[in-house]
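Thanks for coming. I will show one structure and go through two parts of it.

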Amino acid sequence: MTGRARPPRARMLTAREIALDILTRVETEGAYSNLLLNERLRSLKPAPQEAALATELTYGTIQRLLTLDYFLDRYVKKGIAKLEPWVRALLRLSLYQLLYMPRIPEHAAVSEAVAIAKRRGHAGIAGVVNGTLRTMLRERDKLKLPEGLPAAERISLAESHPRWLVERWIGAFGEATAEAMCRANNEPPRISARVNRLRGTRESLLDELRAGGRDAAPSEVSRDGIVVAGGGNLALTDWYASGRLSVQDESSMLVAEAVAPEPGMNVLDACAAPGGKASHLAERMGDRGAVWACDVHEHKVALLQAHAERLGLSSLRPVLSDARELSGRFGPESFDRVLLDAPCSGLGVLRRKPDARWRKTPDEIRSLTGLQKELLDSVAGLVAPGGLLVYSTCTTEPEENELQVRAFLQRHPQYRLSPFPADSLPPGLDGGSGTVSILPHMYGTDGFFIARMQKGPAL
């Protein structure tokens, strides 16, 4: 394919053009789609309906990339890899509409793609786009995967996940669960918030949200959680600005249940930014005691301070420090509770980060397990006798979770797993062993892992 793209004229870009620009830059510049989309929506200020369509086209096309390319490769004469990036992106987002957005009329998806191709390229490119999409429409019954594919290849193509990752999950969880996880990762993430109980009850906040036109319901996963359907960005509301709520996934709210802090305790959150869990701990303590919230980056420490001020938490104390050096800053056994929410591969949050499934590698997972081991060993000495060390990640990988904890317990025999408090977990989740794994298809939340370890004698 030849033809140089011309910059669009000075006019309001359509949702499809916004998505096209983002998809092209994600591929050619390695840009992050969520950051780029937020920046474009802030600067261009499209109508809400256009913003929603641009968002769905961007994230949906990236999520379904493997499947889209599999079909397009059969209809583009020299293969999709030979196309200019923007033409490739245009075909992908157009086919996404044809396959996954039934509310959009087929003729509208094709005609809009052709119009964009004419504006950005030339008549020849528009002809290729038009011909490719119309042929695929005529032969829609052929847009199916072959029968009899091996399980990993079938799931990989059908649910658009890297084959290495599907093979990994089949090995760890079995074929049915791996497929359910992949399918869940293609669903839109739920919008959830945590009530700040220092500034009102969950019930009163639910009433206010409903009175404000939000479709709000109590979370079935966390007793502090609220789920809002179609409520827009809660971080832009007065409820957020006034510290009534924090935006947080429901599964990550369970970390505070595992830590179970009490008023007056001395608590350490060793890798605290952006601060959701640390502020939750301070709220649970009634803002009495101290929650030392550490991060290695100065700008993230500033973010922690901003959270503390917004939520009215004087007990939240941001600290600039590498978590591996905290033993030089705090005395041995000086904390009743230590939380290590460790850096991880993030494979439990793929629905929120659509690019991530294509960026992650097995080597990255191996590298992270080394860092996690180092962090665990470095904070182990900070826990007081009888105190708790809680380890959590937002990944699904046993090497970063169960196996990491098992190895830690072998190196530190003074620790043992401790059951979760009664009634602290949602129905169907058993914390009696001291660890819980939440997979993304189980409750519609992020995938998460939490281990609760007690040091020395029982409390």
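**A helix pair and an annotated site**

Helices H5 and H7 are roughly parallel to each other, because their angle is under 35 degrees. This is a predicted model, where local features need pLDDT of at least 70, side-chain atom pairs count only at pLDDT 80 or more, and totals for chains, interfaces and linings use all residues. Residues are numbered from 1 along each chain as its sequence is written, and side-chain values use heavy atoms, with hydrogens and water left out.

Back to the pair. H5 covers residues 85-100 and H7 residues 123-138; they pack at an angle of about 30 degrees, with axes 11 Å apart. On the H5 side, the contact (heavy atoms within 4.5 Å) includes Trp86, Leu90 and Leu98. On the H7 side, Ile125, Val129 and Met136 are among them. By class, this contact has eleven nonpolar, two polar and no charged residues.

Now the second part. UniProt, in an unreviewed entry, lists a "binding site" that includes Gly276, Lys277, Asp295 and Asp341. Such annotations may be inferred rather than shown by experiment.

Take two of these residues. Are they buried or exposed? Gly276 counts as partly exposed at 23% relative accessibility, whereas Lys277 is buried at 17%. Buried means under 20% relative accessible area, exposed over 50%, and partly exposed in between, with a 1.4 Å probe and protein chains only.

Leaving out residues up to four places away in sequence, Gly276 touches Arg194 and Gln248. With that same exclusion, Lys277 touches Gln248, Ser252, Val255, Asp269, Leu339, Asp341 and Phe448.

Note on methods. Axes fitted to C-alpha atoms, helices over the stretch in contact; angles between N-to-C directions. Helix = DSSP H or I, 4+ residues; strand = E, 2+ residues; numbered from the N terminus. Parallel < 35°, antiparallel > 145°, perpendicular 65-115°, else oblique. Nonpolar A, V, L, I, M, F, W, Y, C, P; charged D, E, K, R; others polar.
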